[in-house]
Number of protein chains: 2
Amino acid sequence: MSGFGGRGVDEKGFLRWLLGELGVEEDDVAYVDGLVVKVDGAAASTSRLPFQTWADFGWRNVAAAYSDVRVKFAEARLLLASVTAPDLGTAAEVVQGVREASQFFSLAYVGGDLNEGRDVVVDVVLVGWARARVGRAPRPGDVLVTIPQFGYTSLAYRFWQMGGAVVERGVEALKRPKPLWPLPPAECVTAAMDSSDGLGDVLWSMARGVDIVVKELPAPREVLEFAAERGLDVGEIVFNGGEEFLPVFAVRRDCPVESPYVSFAEVVPGEGRVWWRGEELKWRGWAYFRGWG
Amino acid sequence: MSGFGGRGVDEKGFLRWLLGELGVEEDDVAYVDGLVVKVDGAAASTSRLPFQTWADFGWRNVAAAYSDVRVKFAEARLLLASVTAPDLGTAAEVVQGVREASQFFSLAYVGGDLNEGRDVVVDVVLVGWARARVGRAPRPGDVLVTIPQFGYTSLAYRFWQMGGAVVERGVEALKRPKPLWPLPPAECVTAAMDSSDGLGDVLWSMARGVDIVVKELPAPREVLEFAAERGLDVGEIVFNGGEEFLPVFAVRRDCPVESPYVSFAEVVPGEGRVWWRGEELKWRGWAYFRGWG
């Protein structure tokens, strides 16, 4: 496979290379004739959290795919799920979570596959209808808006055994993510991504041919206080979380920003860097085959 | 999960139960608004053959999904593939096989996912357009037709290290299956299935509310001779193979049967049994979580 390989290649680099080879535009969903198709999966050995049941793991994978489709202003309608598991009991629990999620997100669960294997792997397929086509690349002058709920999942990863209201919100968000947020006016949006691998990953992914300057942390006060009380690096907590399934939209500057959205960053001319507090943002989120960057 | 469980439940029993719970008709593909969607996968720990390269394994999974869609008279157009692997090198080889297959079967490879996990799992998604809707249940009076190439894969499973022309045909069919067979006239066909888990599995799956009487073995002379020379049970070789990706159609008796198809069984009133040489067929093909039956 000429052209592929070498040091430092991770999941995202590989996918970028592959999509280039295939002649497909890099995007989070595939568009075809007004259809949107998405496949999104995870293996339990690398992605299941210690407090997730198998049903949670099933739900989480539906939510992750749903979030990717929703942030692109598409309407997911059909769900298929392929489940690999070492035994039928585990598969049945995963499928139960998939079913519960399909009901929650109003998806018709129309089929799937079941295979025996060493790891538990859930691949979720969503098919829907695209209203518009939204890419990943914002334009200079745009502002980035999001729902300022980042940080909970970071805290849950670290402190889930400790409990308490703030941590519990993160645990619940990781067990049963519910990315059913409202959408800003489509005509305002120039680019969109949801945060599955962390806000840092979103920002570095969106900063192609432009720079992004973060103005404030899109995190609730209780998260910032929790971090400050324990001497945690608040940037690490907010930018290097993951699985928030919160949307980040680039919108034209003249568009109104309405609740629950807040403006938190600006897009400026540049060469693909992300800035925070006058320095390059050092957190880049998660990538498989590399880990946290 | 009330209603599910107990002894003797295997992959097919589980899928049947699940589809019933979901209110989805049991079928090999999902139909929606003129669309056909299929997800089909396999884990290497249980499904990769010792002589398959990773690229072969990728190709095989595309071919398996393609066969399922083609036998239903649907036209697959789009391919997405989700690949789980422990390292990027393996993933790249799998993807290479998927790409080669996408070209061979004229599929647009438009996206996918990549995840790190302990097993190698390939889930292939095909989206296409349905011309007609074909189920699994034949009617009394129909005849079953197929392409009489069964047996090669059985021999390859057992004798792949031995070599020789007959075995090599089976090995090649398992490494790079090419289910691009012609289709009989759609108006003649009352039911259709392809053989992925063996001809015995196809026949027992089709025999719902009817009996099926096998009249002759749809196998080439060289396979029958190979089996006879080595004292193999020819029924085992022909009915309990798997991965042939050959089609079995139930057609109305007044329809012509043209090459490469032959008529090999009859559908008669009954209660769901398959007969061969005056006895119930004892081979039932492969099911995960159960093995060969």
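Student: Phe73(A) sits in the loop that lies between helix 3 (54–70) and strand 3 (74–85) of chain A. What is the phi of Phe73(A)?

Tutor: This is a predicted model, in which local features need pLDDT of at least 70 and side-chain atom pairs count only at pLDDT 80 or more, while totals for chains, interfaces and linings use all residues. Residues are numbered from 1 along each chain as its sequence is written, chains are lettered from A and ligands numbered from 1 in the order in which they are written, and side-chain values use heavy atoms, with hydrogens and water left out. Most residues other than glycine have a negative phi, and most peptide bonds are trans. Phe73(A), although not a glycine, has a positive phi of about 65°. Helices (H or I, at least four residues) and strands (E, at least two) are DSSP runs numbered from the N terminus.

Student: Is Phe73(A) buried or exposed?

Tutor: Buried means under 20% relative accessible area, exposed over 50%, and partly exposed in between (1.4 Å probe, protein chains only). Phe73(A) has a relative accessible area of 4%, and therefore it is buried. Phe245(A), which is found in the loop between helix 9 (234–239) and strand 9 of chain A, has a positive phi near 50°, and with 2% relative accessibility Phe245(A) counts as buried.

Student: Which peptide bond is cis, with omega near 10°, in chain A, and which in chain B?

Tutor: In chain A the cis bond runs from Ser259(A) to Pro260(A), with omega near 10°, and Pro260(A) is placed in the loop between strand 9 (247–251) and strand 10 (262–269) of that chain. In chain B the bond from Ser259(B) to Pro260(B) is cis, with omega near 10°, and Pro260(B) is found in the loop between strand 9 and strand 10 (262–269) of chain B.

Student: How many bridges join strand 1 of chain B to strand 2 of chain B?

Tutor: Two strands pair if DSSP finds at least two bridges between them. Strand 1 (residues 30–32) of chain B is joined to strand 2 by 3 bridges, and these strands run antiparallel, with Ala30(B) having Val37(B) in strand 2 as its bridge partner. The two strands form a hairpin with 2 residues between them, and Asp33(B) in the turn has a positive phi of about 50°. Strand 2 also pairs with strand 5 (residues 121–130) of chain B, in the antiparallel sense and over 9 bridges, where Asp40(B) has Val124(B) as its bridge partner.

Student: How many residues of strand 2 of chain B are buried?

Tutor: In strand 2 (residues 35–43) of chain B, 9 of its 9 residues are buried. Both faces are covered, with Val37(B) and Val39(B) among the buried residues on one side and Lys38(B) and Asp40(B) among those on the other. Strand 3 of chain B has 10 of its 12 residues buried, so strand 3 is largely enclosed by the rest of the structure.

Student: Which strands of chain B are joined to strand 3 by bridges?

Tutor: Strand 3 is joined to strand 5 by 10 bridges, the two running antiparallel, and Ser82(B) has Asp123(B) in strand 5 as its bridge partner. To strand 4, strand 3 is joined by 8 bridges, this time with the strands running parallel, and Leu78(B) stands opposite Ala108(B) in strand 4.

Student: What is the order of the open sheet of 7 strands in chain B?

Tutor: The order is 7-9-6-10-8-11-12, with mixed pairing, and the edge strands, strand 7 (189–194) and strand 12 (279–280), each pair on one side only. Inside this order, strand 6 (residues 143–146) and strand 9 (residues 247–251) of chain B pair in the antiparallel sense over 4 bridges, and the bridge partner of Val145(B) is Phe249(B).

Student: How many residues does the contact take from chain B and from chain A?

Tutor: Contact means heavy atoms within 4.5 Å. The contact takes 59 residues from chain B and 59 residues from chain A. In chain B, the side that touches chain A has 35 nonpolar, 10 polar and 14 charged residues, where Ala, Val, Leu, Ile, Met, Phe, Trp, Tyr, Cys and Pro count as nonpolar, Asp, Glu, Lys and Arg as charged, and the others, Gly among them, as polar.

Student: How many salt bridges are there between chain B and chain A?

Tutor: A salt bridge is a side-chain nitrogen of Lys or Arg within 4 Å of a carboxyl oxygen of Asp or Glu, and between chain B and chain A the count is 0.
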